[in-house]
Amino acid sequence: MKVRFGLIGFGAWGQHHARAIHEVSGAELVSIAAHSDESVVRAREQYPQVQVYSDYRAMLEKEDLDAVDIVLPSDLHYRVACEVLESGRHLLLEKPMTLDLSEASALVRLARERGKLLAVGHELRLSSLWGRVKDLIDEGAIGQPIYCLIELWRRPYRLGSGGWRYDINRVGSWILEEPIHFFDLARWYMASAGEPTSIYAQASHRRLDHPELLDNLSAMVTFEKGGYAVISQSLAGWEHHQTVKVTGQHGAIWAKWSGAMDRTFAPTFDLHLQRGESLEQISIDKPSGEVYELVDEVGRFVEAIQGNGVVGCTGEEGRWSMAMCLKAEESLRTYMPISLTGLFA
Ligand SMILES: NC(=O)c1ccc[n+]([C@@H]2O[C@H](COP(=O)([O-])OP(=O)(O)OC[C@H]3O[C@@H](n4cnc5c(N)ncnc54)[C@H](OP(=O)(O)O)[C@@H]3O)[C@@H](O)[C@H]2O)c1
């Protein structure tokens with residue numbers, strides 16, 4: 001039986017979600033809830049076989065759905081996610097889960113109470129490139145990881161519908177917008193070093209009228225059993241260039257990804273591994289990039305609903321990534337390192 005999907009949000013990224021659901025063989029895109037008249041028309045044109053609503057509540061009420069995928073401006077995530085889980089559907093929720101940690105905890109609890117899956121949109125975990133880095137670390141190729149650098153150089157963000165991404169009350173924090181992916185990867189890669197224990201962040205901006213919108217951000221994260229990670233992102237660059245470097249007790253990894261933009265279908269990427277004194281290029285057979293990883297994210301979610309395997313990123317993991325971002329924001333405000341110890345004890 002195919003998993004019957006409803007999609008809420010048909011904006012820039014929501015349209016990619018629609019494509020991804022359409023491409024997954026175990027999934028059926030049954031309905032879309034868009035918002036403005038233009039979005040409703042666009043959804044009907046692109047998916048004439050799908051029921052399109054201008055009110056997500058009507059969709060939740062009328063449609064026979066197994067799962068709902070939320071791709072809305074981040075300030076709407078919590079309210080709509082609660083309604084979806086309360087309606088008894090599995091939920092794939094874009095990152096950041098919410099803008100507030102207590103709300104993220106409430107969603108984790110609600111999903112548990114309702115016995116529904118809650119998956120969070122950290123698709124980099126499904127990447128043939130970034131996922132291979134994780135596999136190499138877990139296979140022991142570099143020994144215990146002790147240092148991890150995740151760096152992104154890109155052009156400024158899209159505005160988002162109605163300019164929500166440049167409204168601090170709607171985006172919550174720019175650290176929750178994209179650096180969250182790198183906090184998520186860093187904690188994932190450094191898992192054998194235990195949980196993060198502290199964060200110290202620095203940032204600068206070039207919009208004098210919007211100092212809260214950080215163009216450049218760097219953060220250092222320390223871990224329980226030693227080792228640290230550096231996350232660094234600049235929106236003052238061009239194109240989309242991401243680097244991951246991890247060093248361990250016995251080796252090192254360097255992975256690079258470049259594209260004219262984040263959503264390119266034709267990126268360049270490579271991965272090198274140094275074991276002791278030998279340096280090798282690791283071949284990656286499958287293309288890497290968020291447009292591909294999204295399909296795998298939906299595929300994993302579908303398999304988990306069907307009882308085969310687990311989702312790419314759980315609500316608990318997504319909440320941890322949010323916590324690291326919000327503590328980095330606190331560090332920026334206080335100019336101090338912030339403790340993460342015992343956060344979810
Ligand atoms: N995982 C990733 O790599 C990734 C990448 C990009 C974005 N995201 C996340 O995905 C989310 C959406 O980002 P985006 O770039 O797609 O933003 P966007 O282009 O602004 O799209 C948001 C859409 O939500 C629609 N919307 C607003 N209120 C609605 C409602 N009540 N019911 C149905 N639709 C409604 C808007 O419709 P109208 O335009 O018709 O008003 C708009 O089309 C954000 O949380 C963002 O952080 C994640």
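Me: Definition first: two strands pair if DSSP finds at least two bridges between them. With that, in what order do the nine strands of the open sheet run?

Reply: The order is S14-S13-S12-S11-S7-S10-S9-S8-S15, with mixed pairing. Strands (E, at least two residues) and helices (H or I, at least four) are DSSP runs numbered from the N terminus. This is a predicted model, where local features need pLDDT of at least 70 and side-chain atom pairs count only at pLDDT 80 or more, while totals for chains, interfaces and linings use all residues. Residues are numbered from 1 along each chain as its sequence is written.

Me: Thanks! Which are the edge strands?

Reply: Strand S14 (278-281) and strand S15 (338-339), each of which pairs on one side only.

Me: How do S13 and S14 connect, parallel or antiparallel?

Reply: They run antiparallel, joined by four bridges. Leu273 has Glu280 in S14 as its bridge partner. The hairpin of S13 and S14 has two residues between the strands, and Gly276 there takes a positive phi near 55°.

Me: And how many bridges join S12 to S13?

Reply: Eight bridges link strand S12 (residues 251-259) with strand S13 (residues 268-275), again antiparallel. Trp254 stands opposite His272 in S13. Strand S8 (residues 196-204) and strand S9 (residues 216-223) also pair in the antiparallel sense, over eight bridges, and Ala201 faces Ala219 in S9.

Me: Which strands does helix H10 lie across?

Reply: Helix H10 (residues 315-334) lies across S8, S9 and S15, at about 55° to S8. Axes are lines fitted to C-alpha atoms, for helices over the stretch in contact, and angles run from 0 to 180 degrees between N-to-C directions.

Me: Switching topic: at what angle do H4 and H5 pack?

Reply: Helix H4 (residues 77-86) and helix H5 (residues 101-114) pack at about 10°, with their axes 10 Å apart. That makes H4 roughly parallel to H5 (angles under 35 degrees count as roughly parallel, over 145 as roughly antiparallel, 65 to 115 as roughly perpendicular and the rest as oblique).

Me: Which residues meet there?

Reply: On the H4 side they are Tyr78, Ala81, Cys82 and Leu85, and these meet Glu103, Leu107, Leu110, Ala111 and Arg114 in H5. Two residues are in contact if their C-beta atoms, placed from the backbone, lie within 7 Å.

Me: Now the domains: where are their bounds?

Reply: Domain 1 is 3-123 + 295-310 and domain 2 is 124-289 + 321-339, with bounds from an automatic or database domain assignment. Their C-alpha centres lie 25 Å apart. At the interface, 16 residues of domain 1 are in contact with 18 residues of domain 2. H9 gives the most to the side of domain 1 that touches domain 2, with three residues.

Me: Why does the ligand lie between the domains?

Reply: Both domain 1 and domain 2 give residues to the shell around the ligand, so it lies between them. The ligand has 27 residues around it, the closest being Gly11, Trp13, Ser36, Ser39 and Ser161 (near means a C-beta atom, placed from the backbone, within 6 Å).

Me: What classes does that shell divide into?

Reply: It has 12 nonpolar, 10 polar and five charged residues. Ala, Val, Leu, Ile, Met, Phe, Trp, Tyr, Cys and Pro count as nonpolar, Asp, Glu, Lys and Arg as charged, and the others, Gly among them, as polar.

Me: Last one: which peptide bond is cis?

Reply: The one from Lys95 to Pro96, with omega near -15°. Pro96 sits in the loop between strand S5 (90-93) and H5.
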